[in-house]
Amino acid sequence: MTAEPDGPEDRLRRFATIWSRAVYPVTSTSLTRPEFELQLVPLARRLSDALRARVFEAAEGQAVGAALITAHCTDPEALSRSLDCVDAYLVLYCGDDGPQEALRTRSARLQHAMAAGFAKALRERTLSEQEAISRAALNARSAVAEALHASEARFRAVFEGAAIGIGIADLDGNILQVNGALLRMFGGSEQSVRGRRVQEWTHPDDAPQVWRLYEELVRGDREHYHVEKAFYRPDGTVLWTNLTVSLLRDADGQPQYQLALMEDTTERRLLNLRLRYEATHDALTGLPNRTLFFERLDKALSASEGQRFGLCYLDLDGFKTINDSLGHAAGDRLLVEVADRLQSCATAPGEMVARLGGDEFVALTTGTDTEREVDELAGRIMNALVTPISIDGRELTVRGSIGIVEGPAGERGPAEVLRSADITMYRAKSAGGNRFELADPEADARAITRHGLTTQLPAALDRGEFFIEYQPLVHLGDGSVRGAEALVRWLHPQHGVLGPDRFIPLAEHTGLIVPLGRWVLEQSVRQAREWQERHTDAGSLRINVNLSPCQLSHPGLVQDTVDILERAGLGAEALCLEVTESALIGADDDLLKPLRRLAEMGVDIALDDFGTGYSNLANLRRLPVSILKLDRSFTQGMQQFPADPVDLKIVEGIVSLAHSLDLAVTVEGVETGAQAEQLRILGCDTAQGWYYARPGPPERLHELALVDATA
């Protein structure tokens with residue numbers, strides 16, 4: 001695989017990036033996040049290969065789960081986040097647009113295998129560590145016990161020379177001996193420590209099992225135990241320790257003392273807390289970051305019955321302009337000020353504000369009445385942005401677009417909720433910004449479908465999922481077929497046959513319209529040549545092909561057209577290129593130049609959808625067009641009897657003007673014989689519509705029994 005933009009390798013790396021960002025905060029690795037991502041790339045590749053393999057291999061998923069343990073992802077949260085990433089993104093980035101239902105089923109099976117492999121590897125690692133800890137504790141206990149039984153001098157050497165804290169107490173909890181290392185850990189005198197009882201050293205953060213294990217040990221039911229425990233020092237500060245407590249027996253095997261071995265882990269714990277804070281908070285604004293926000297959102301969505309949530313997804317309007325004009329330092333100060341204002345908006349219990357990245361923020365509220373609370377929260381946020389922000393002596397006005405999602409807990413996952421909020425935010429931005437919108441499930445579904453179609457378009461062209469139907473163009477004078485318009489369709493594996501209105505705008509947005517348009521032109525020209533070869537009376541047939549505005553500005557348009565005509569052996573006069581009125585009216589000479597060259601070669605240029613835009617009739621003289629195609633809106637009034645006299649006058653005027661400029665007139669949307677007759681009387685040249693034939697396969701063109709052809 002090559003790292004082409006948006007190619008398989010690029011999408012694989014994006015999946016690995018998302019995975020690493022989700023899991024890194026809960027790992028114990030010493031690697032940096034980018035280094036950790038490199039470790040995940042081969043694991044992502046194994047998952048990708050297993051997803052698309054002909055036969056499902058559970059061992060692949062188990063191996064990936066086990067590899068997470070090797071990569072120090074031992075926290076169960078690391079598995080949970082990994083499975084969430086696989087569920088949300090594996091098919092999207094690594095599915096290569098295969099059958100979605102089958103891929104999602106395969107993905108679910110891989111997740112089960114990963115969980116099994118993770119659990120098995122974690123169990124084996126835990127057993128190994130427990131065995132090592134038990135062995136170390138037993139060795140330490142044996143050394144001290146042997147010293148006690150051997151001689152006082154030897155005991156003192158072992159006791160005082162130990163690098164870890166050691167304390168000895170009787171079975172009633174009275175502390176008898178402590179070594180220097182333990183005294184240094186507590187920061188007190190030997191008398192202050194020895195005078196205490198073990199039971200006094202409780203702490204609010206003690207795990208529930210700490211004192212149960214202690215009771216079992218002093219009763220003689222347990223030989224040792226190992227826990228993490230906090231102690232209060234005499235000055236009130238907290239000491240965190242790894243504590244191993246062992247039972248010492250006399251020569252007859254009767255319980256005699258308890259031996260405590262303590263390792264000071266306070267600095268390590270504080271470091272872990274600091275690293276945890278840095279991993280869950282934004283470095284610039286100090287707000288919770290995406291990681292912590294997703295934890296809180298997941299918790300809110302997993303709440304008990306009766307609980308609800310409300311989410312505001314904020315994107316600043318015009319921030320890029322400020323960043324580009326004033327510099328990133330000014331942009332950062334602006335973000336800090338915005339963060340402070342947002343923080344002041346979320347002060348109620350169950351509310352939080354986080355920064356997702358860039359100029360995107362989220363505010364979350366939870367409780368039983370979030371329908372009201374989230375509206376109020378959004379209102380406070382909008383009001384907080386009203387006052388200008390002063391940066392380097394400039395008063396900057398900041399506005400925002402907010403997408404709101406609200407609902408009951410337990411119905412949706414974090415990724416689905418955030419996607420809905422993101423879609424809704426963009427709907428608010430598209431409506432002019434400086435506003436908030438409520439999520440609309442139907443609008444979400446349309447946007448998700450658009451996104452899916454957009455990502456599937458490139459592969460669809462490679463897989464040959466597009467096909468062309470042809471609608472005949474009929475001469476109104478004698479009813480003969482004069483040509484056909486080529487209309488591209490997409491046979492989608494899940495959605496069935498899609499019309500051009502569903503995917504042409506997406507192809508234009510992504511730039512795929514150029515290769516797709518070239519393919520349509522090539523197929524249509526080849527089909528026209530086949531008509532000529534199969535039917536001797538088809539020599540005058542013309543093929544009409546639509547051009548999008550993006551194709552007009554593509555530098556290879558003229559050469560591509562010439563090459564396609566020459567390869568097919570079709571004359572230029574048999575081709576008509578249709579361009580929408582909105583693309584040509586007001587176009588400059590650079591845009592018109594390729595069309596003029598094509599027209600000079602003999603290619604007809606038709607002005608499509610004429611009359612729907614801001615038509616400037618004076619401009620018609622400078623356009624290289626030979627045909628006007630009247631939009632179907634002009635013919636709708638002719639379906640009734642008598643026909644709308646205003647429509648008749650408009651069409652009559654357009655036809656008269658067109659003919660005076662030596663332009664032919666084609667009318668779209670003819671559905672009745674009355675329309676066809678009226679258009680013939682008005683002088684229109686050709687027509688197309690369901691009255692003659694619906695778009696269909698190429699072989700139908702000469703099989704049509706036209707109503708007026710035999711009249």
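# Reading the strands, helices and cores

Trainee: Which strands does helix 9 lie across?

Mentor: Helix 9 (residues 210–218) lies across strand 3, strand 4 and strand 5 (255–264), and runs at about 130° to strand 3. Helices (H or I, at least four residues) and strands (E, at least two) are DSSP runs, numbered from the N terminus. The angle, on a scale from 0 to 180 degrees, is taken between N-to-C directions of axes, which are lines fitted to C-alpha atoms, for helices over the stretch in contact. Helix 10 (residues 266–280) also packs on the sheet, touching strand 3, strand 4 and strand 5; touching is contact, meaning heavy atoms within 4.5 Å.

Mentor: A word on the source: this is a predicted model, where local features need pLDDT of at least 70 and side-chain atom pairs count only at pLDDT 80 or more, while totals for chains, interfaces and linings use all residues. Residues are numbered from 1 along each chain as its sequence is written, and side-chain values use heavy atoms, leaving out hydrogens and water.

Trainee: How do you know that strand 3 and strand 4 pair?

Mentor: Two strands pair if DSSP finds at least two bridges between them. Strand 3 and strand 4 (residues 238–249) have nine bridges, in the antiparallel sense, so they meet that definition.

Trainee: What is the order of the five strands in the open sheet?

Mentor: The order is 2-1-5-4-3, with antiparallel pairing. Strand 2 (175–178) and strand 3 (224–232) are the edge strands, as each pairs on one side only.

Trainee: Why is Cys94 called buried?

Mentor: Buried means under 20% relative accessible area, with exposed over 50% and partly exposed in between (1.4 Å probe, protein chains only). Cys94 has 2%, so it is buried. Cys576, at 0%, counts as buried too.

Trainee: What makes the largest nonpolar core a core, and which residues touch the most other members?

Mentor: A nonpolar core is a set of buried Ala, Val, Leu, Ile, Met, Phe, Trp, Tyr and Cys residues joined through side-chain atoms within 4.5 Å. The largest has 78 residues, and those touching the most other members include Phe466, Phe503 and Val651. Helix 18 (residues 513–534) gives the most to this core, with eight residues. Leaving aside neighbours within four places in sequence, Val651 is in contact with residues including Leu630, Phe634 and Cys684.
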